[in-house]
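The sequence and the structure come first.

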Amino acid sequence: MHCPLPVLSLGFHWLSVGITSGARTGRKGASSEEHMAMAAVGGGGGGGGHGHRAGALKQQNKPHKAGRHRRNSSARKQGGRVPVKTLSRQQRRSLAKLDRKHRASQLRQHRKEAVLAERRNLGRKDGPPHLVVVLPLHAAVAAQSALGLFQRSEASVAHPAQVGPPGFALLCARSRLRWHFVAADTGNLHAVLDLAKVADTLLFVLDPLEGWDAAGDRCLSCVFAQGLPSYALAVPGLTDQPLKKQLDLRRKLGKLTEKRFPEARLFPLDTQQESALLLQHLAAQKQRHLAFRDRRAHLLATAAEFLPGPDGASVGTLKVSGFVRGRSLNVNSVVHVVGHGDFQMSQVDAPADPFVMNPRVAKGKPGNGQAMEDDPAGGVTEMEESVKVLMTADPSKQESLQVEVVPDPMDGEQTWPTEEELKEAEECLKQSKKVSRRVPKGTSAYQAAWIVDEGGESSGEEEEEEEDEDHLMEEAVSQDGSSSEDEGASASEEEECETMTLPESEQDDEKMEDSEAALEKYRQERQEEMFPDEVDTPRDVPARIRFQKYRGLKSFRTSPWDPKENLPRDYARIFQFQDFSRTRKHVFQQLEREESDGAAVGWYVTLHLCNVPASVAESFRQREPLALFTLLPYEQKMSVLNLLVRRHPGNSEPVRSKEQVIVHCGFRRFRASPIYSQHSSGDKHKLERFLRADTAMVATIYAPIMFPPASVLLFQQASNGAASLLATGSLLSVDPDWLVIKRLVLSGHPFKILSKMAVVRYMFFSREDVLWFKPVELRTKWGRRGHIKEPLGTHGRMKCQFDGQLKSQDTVLMTLYKRVFPKWTYDPYVPESQGRSESVLPGLEEDMD
């Protein structure tokens, strides 16, 4: 009974405030009735839960205007110009509600019409055949029987492929659709990815009992990482199982495919009726787009002919035939053959379409060289005509094949070396390739090559160190060699031994076995995890020479580093954009505005590629797929690419920086040696010696320019040629100014501790090294900071001062930094993997015949 009382009191209190405020804001001379009406309106609105709405009597104050007397007036700054965003906002604000609804409906209608137009053109007479790549995901799946159902249809005509990957073309007269089925080999990952780059639909064939095996799961991981086009799931052999078991198998396959393919439908594929339903689904489903292929014209070769050139049979002209997809194809653009490199076109022909639905109707096609007329006896005779030439390359408009800049070695030089200096340089170069070794008298060069040098070379150099550092170390050893020898050797030993100079090639050791090399990589990776970036100071080489390219930084995040400082000679060969994002935006806008002249989408054309090696045609004869993509402006030029990748969980092998891998970047496939760095928001990124598995990392390589978005896959090739998926990701940027900084940590031990002072040893081993690194800041593993005060003695001990007292178990560290660059090992020629498994399509070609 007491619950409503607080509510009434609160409402009354609010109403009294409304009356007071209404009386205060009322106009002069208003009656008390008007004040009560205003208060009632305010109180009723508040009690009902609605906000206060200002009436006609609300006081309107003049807004503050920035006059001309203000020096920093925004209106004077802009000079009458109005930003584009302001105009667009005003236009949206000025549109009425009905206008906005009408505009939104028009946009929806345009999108719907674009989807319908794409669906109607694909597979029709005015568009390319619907390319379906059949991918078996289990070794027990008989793909040939599944594809045979499509071939044996009475209402369709099949044309088996004579060259290229196994498959056939299917012409359905009833639905007026053209299909091109290609069978992929699960054991060849590169071929599967090449077909997935150009496929309209991927048809995954599952096993009714297990779904997919390990090889199928590996293929799915690669296809998902590259980009999944439209797909369908087919299950042949399901009706062969007992009737009671079929429901359990369907439920089991549904749970299995739910993770990979959510809301996907399983199509049985055992009868011709089921194959017709599957074709109907493939024709009606919405197409999924891949960004890297929608902006470029591409085709899958259905025929190829190699014409040897005048210089020899190794290089010549390759005539590739296929249907244009994606965008219209211009003869002046550069064409990239996946796995083989970039080439120019000399001309584009329009031969007869080999898959014509109605031979008597050939309208709208560029090559009407197959005009048909009815024969009185009911047959059809073909009128032989010459192949029509669509386009010929214009040298003034043709894109060049200049991949890199040819640097001038004398650029910036002011003097020319004399002949004496050139001879002296040649002698020094010859001497650098010789190694001096003490051997007994009378030893020949052949015998000396087998004598093991007990001293070895200087302190086991790291594999990732630059070659110039190795030369510096060798020079330091040669300079200090006299002091390192034993001065107390007897005269008899001097007489018995002599110095012999051997060529460097004769004293190379045998290569380590694969198992020992793998064990050494595991050991180094484990040591890097336990002691990141820590190295031992060499005792036979002065630290000021060994680490002369390193520097100290006050703060890795905020200290400046000039990106144009001490660049290698490889940077004189690459191209760099002044503003890459702006160039990318301009290129994409130009593609949308200007539809390039040339072969339209759906035309069957023959491309004449110049200066193509014979290996391209040879791989096509071996039933390998041949995919071609046209390049956007600047995409044939070399630069520095940064790839954001993450380690695949199925690969646990240690991978070092600068180790060669196979890269699938968008439509390209090539070899490169990336360096890995941390993905951070700063301008400097720390080098990682190994590809880590717990975080995303940036791989930096020398490669041709590509405009993102583009998917990235890294493969590690085994000794037998088999490729395993290493990492997946995407293209991050094209930026040669990306700073990859290598960190080096030198450690020392506190020998004597007195308050904030300490004597540190084992960090350096000479007084000169301590003086050289004196300006660099010190830190400890327990968070203390300090600096070197002075050296003590001649054996590398030093007096250091810290911001607090050290513990005896603490470790003193000195951090040094150096910028590193990737290796130039770009190789566009990457043939299909040789160490693949047995083909999962046995007898397919015989069945098609």
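Glu 688 is buried, with a relative accessible area of 8%. The model is a predicted one, and the values below are computed from it. Glu 688 has a salt bridge to Lys 686, with 3.6 Å between the closest N and O atoms. Lys 686 also counts as buried, at 12% relative accessibility. Glu 688 forms a salt bridge with Arg 692 as well, at 3.6 Å from N to O. Arg 692 is partly exposed, its relative accessible area being 33%. Through shared partners, salt bridges join Lys 686, Glu 688, Arg 692 and Asp 694 into one network.

The chain has 23 salt bridges by the rule applied here. Another of them links the side chains of Asp 217 and Arg 260, with an N to O distance of 2.9 Å. Asp 217 belongs to helix 8 (residues 214-226) and Arg 260 to helix 9 (residues 243-260), so this pair ties together parts that are 43 residues apart in sequence. Asp 217 is partly exposed at 30% relative accessible area, and Arg 260 is partly exposed at 23%. As a general point, side chains of opposite charge can pair when their charged atoms come close.

| Glu 688 | Lys 686 | 3.6 Å |

The next element is strand 22 (residues 661-665). Five of its five residues are buried, so strand 22 is largely enclosed by the rest of the structure. On one side lie Val 661, Val 663 and Cys 665, and on the other Ile 662 and His 664; both faces are covered. In a regular strand the side chains alternate between the two faces of the sheet.

Strand 22 runs antiparallel to strand 23 (residues 668-673), and five bridges join the two. Within this pairing, Ile 662 has Arg 671 as its bridge partner. Two residues lie between the strands of this hairpin, where Gly 666 takes a positive phi near 65 degrees. Strand 22 also pairs with strand 27 (residues 711-717), in the antiparallel sense and over four bridges. There, His 664 stands opposite Leu 713.

Which residues touch the most other members of the largest nonpolar core? They are Leu 202, Phe 204, Leu 643, Tyr 676, Leu 714 and Phe 715, in a core of 83 residues. Another core, of 26 residues, lies apart from it and includes Val 324, Val 348, Ala 599 and Leu 609. Nonpolar side chains tend to be buried together in soluble globular proteins.

Ser 639 is buried, with a relative accessible area of 0%. A polar atom of its side chain lies 2.9 Å from the backbone oxygen of Phe 575. Beyond four places in sequence, the contacts of Ser 639 include Ile 574, Phe 575, Tyr 702 and Pro 736.

For the chain overall, there are 22 helices and 35 strands. Of its 849 residues, 41% are buried. The accessible surface is about 48800 Å², and carbon and sulfur atoms hold 51% of it. Among contacts with a separation of 6 or more, 77% are between residues 24 or more positions apart.

Definitions and conventions
Residues numbered from 1 in each chain as written. Predicted model: local features only at pLDDT ≥ 70, side-chain atom pairs only at ≥ 80, totals over all residues. Heavy atoms only, no water. Core = buried A, V, L, I, M, F, W, Y, C linked by side-chain atoms within 4.5 Å. Buried < 20%, exposed > 50% of the residue type's maximum accessible area, 1.4 Å probe, protein only. Polar contact = N/O pair within 3.5 Å; in protein donor to acceptor, adjacent residues only side chain to side chain. Contact = heavy atoms within 4.5 Å. Salt bridge = Lys/Arg side-chain N within 4 Å of Asp/Glu carboxyl O. Areas by Shrake-Rupley, 256 points an atom, 1.4 Å probe, with all protein chains shown as cover. Pairing = 2+ DSSP bridges.
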